[in-house]
Amino acid sequence: FVDGDTITFENADLIRPFIPAEQQEELIFEGMEMTIKDAGDLSPAESFQTTTKQYYGQATVNADGAFENYAAGRPFDPEKFTPGSKEDGWKQVWNWMYRWQNDGLKINEVHWVWVRRGGNHDDHPIMTAAGGKYAEYYLGGGTFERVLTGPYQRIHMAHRADLPEENYMMNGGKGFAKGTHFREYTGFTAPFDIAGTAFLILRYDDPRKADDSWAYIPSLRRVRRISVEVKSDSLLGTDHTLEDFYGFNGRPMEHSWEYIGTARILAVARSRYPETVYYGPNGWPPYDD
C-alpha cells in the first residue's frame, strides 16, 4: 500500500488478506471507501521504552500463569514467542494487560450504542438530541436498540513507567493506591431508567486476588457490593459485559491461554476525527483512515 491510496468496493480484494474473515462482510460493501494512511511511529512513550530495557528478563510467569517480579515496561519480548506455546500465551496476555496506557483514560461523556443489523436509526432520539449534533457520527444504516450515556474513567496506580521517582506507583504505592493495579469507574446519565447508576471496579496488583466491585443504585440510594461474576454478565440489558472493554478487560487468571501467532491487519491507528464516525449498511464500520 501507498499512503493516500483509496480502496473502494471495486478494488477491495487488495485488502481482504489484511481484514479478519469475520469482519469482511461488514467492512467490504457497495459504496465503501477506505483511505490508506501511514500511521507513522506508534512506539510507546520514551519512559515505557526505557523501563522495558531496564527490566528486561526480570518478569516471570509461574506454573499457574501468575505474573511476578514485574516493575514496569513491556514484560516479555513477543519476538521470542512460539506458536502453540501455552507459556507464551500467558506472556502475551500479560503484555496486553501491562501495555503502555499512560495514566489511564478519562472521557466525560461516552455513548454506548448497540446497533442491530437492518433498518435505520434516522428517527432515533439521539439523532435529534442537542440540535442534531450527534447525527454526523452515526451515518449508514442499522437499528439502534440501546443507547447509554455517561462518564468513564480508569486510573492506573501500579507499574507506571512515568513515575520512576515513586517506584513506578501512584503515591509511591501508599494509601488507596496500595496493592492496586487500577480503579475503573463507569457511570450513566441516560436513559432515565438507569440515570445515576454507577459501577466501581478495583483490580488488585496481586494476579490471584479477585476484583472488588461496587454499584450505586439510585432507586435504593445505596452503594451495594456486587459479585465479581457481574463482570461477565450482560451489561444493563446489552450483549456486552464489563470484561469486554478494551477488547479484553477481564482477569487473566480466570482463563487459559495459548499463543497462536501473529497477523498483519488494517486498523484505525490515528483517526482523522476527534470522535468516531460510523457508516455502512448496518452502521458498524468506522469511516476513517
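A: A salt bridge is a side-chain nitrogen of Lys or Arg within 4 Å of a carboxyl oxygen of Asp or Glu. In this predicted model, Asp193 and Arg146 meet that condition, with their side chains 3.9 Å apart, N to O. Asp193 lies in the loop between strand E7 (180-187) and E8, while Arg146 belongs to strand E6, so the pair ties together parts that are 47 residues apart in sequence. This contact leads directly to the sheet itself.

The sheet is open and has six strands, in the order E5-E6-E7-E8-E9-E10, with antiparallel pairing. Its edge strands are E5 (104-116) and E10 (222-226), each of which pairs on one side only. From one strand to the next, the twist averages 20 degrees.

Five bridges join E6 to E7, and the two strands run antiparallel. Within this pairing, Ile155 stands opposite Arg183 in E7. On the next step, E7 is joined to E8 by seven bridges, again in an antiparallel arrangement. Here Tyr185 stands opposite Leu200 in E8. Strand E8 (residues 198-204) is in turn joined to strand E9 (residues 212-217) by five bridges, and these strands also run antiparallel. Ile201 faces Ser213 of E9 across this pairing, the two residues standing opposite each other.

Six of its eight residues are buried, so E7 is largely enclosed by the rest of the structure. A residue counts as buried when its relative accessible area is under 20%.

The side chains of Glu145 and Arg116 meet at 2.7 Å, N to O. Glu145 is in strand E6 (residues 143-156) and Arg116 is in strand E5, so that the pair links distant parts of the chain, 29 residues apart. Glu145 is partly exposed, with a relative accessible area of 45%. Arg116 also counts as partly exposed, at 34% relative accessibility.

Salt bridges are found elsewhere as well, and a search of the whole structure gives 16. One of them joins Asp289 to Arg272, the closest N and O atoms being 2.9 Å apart. Both Asp289 and Arg272 lie in the segment after E10, so the pair ties together parts that are 17 residues apart in sequence. Arg272 is partly exposed, its relative accessible area being 34%.

Asn95 has its place in helix H3 (residues 86-97). With a relative accessible area of 7%, Asn95 is buried. The side chain of Asn95 reaches the backbone oxygen of Phe76 at 3.0 Å. Leaving aside residues up to four places away in sequence, Asn95 touches Arg74, Pro75, Phe76, Pro78 and Phe81.

Terms used. Residues numbered from 1 in each chain as written. Predicted model: local features only at pLDDT ≥ 70, side-chain atom pairs only at ≥ 80, totals over all residues. Heavy atoms only, no water. Pairing = 2+ DSSP bridges. Helix = DSSP H or I, 4+ residues; strand = E, 2+ residues; numbered from the N terminus. Axes fitted to C-alpha atoms, helices over the stretch in contact; angles between N-to-C directions. Buried < 20%, exposed > 50% of the residue type's maximum accessible area, 1.4 Å probe, protein only. Polar contact = N/O pair within 3.5 Å; in protein donor to acceptor, adjacent residues only side chain to side chain. Contact = heavy atoms within 4.5 Å.
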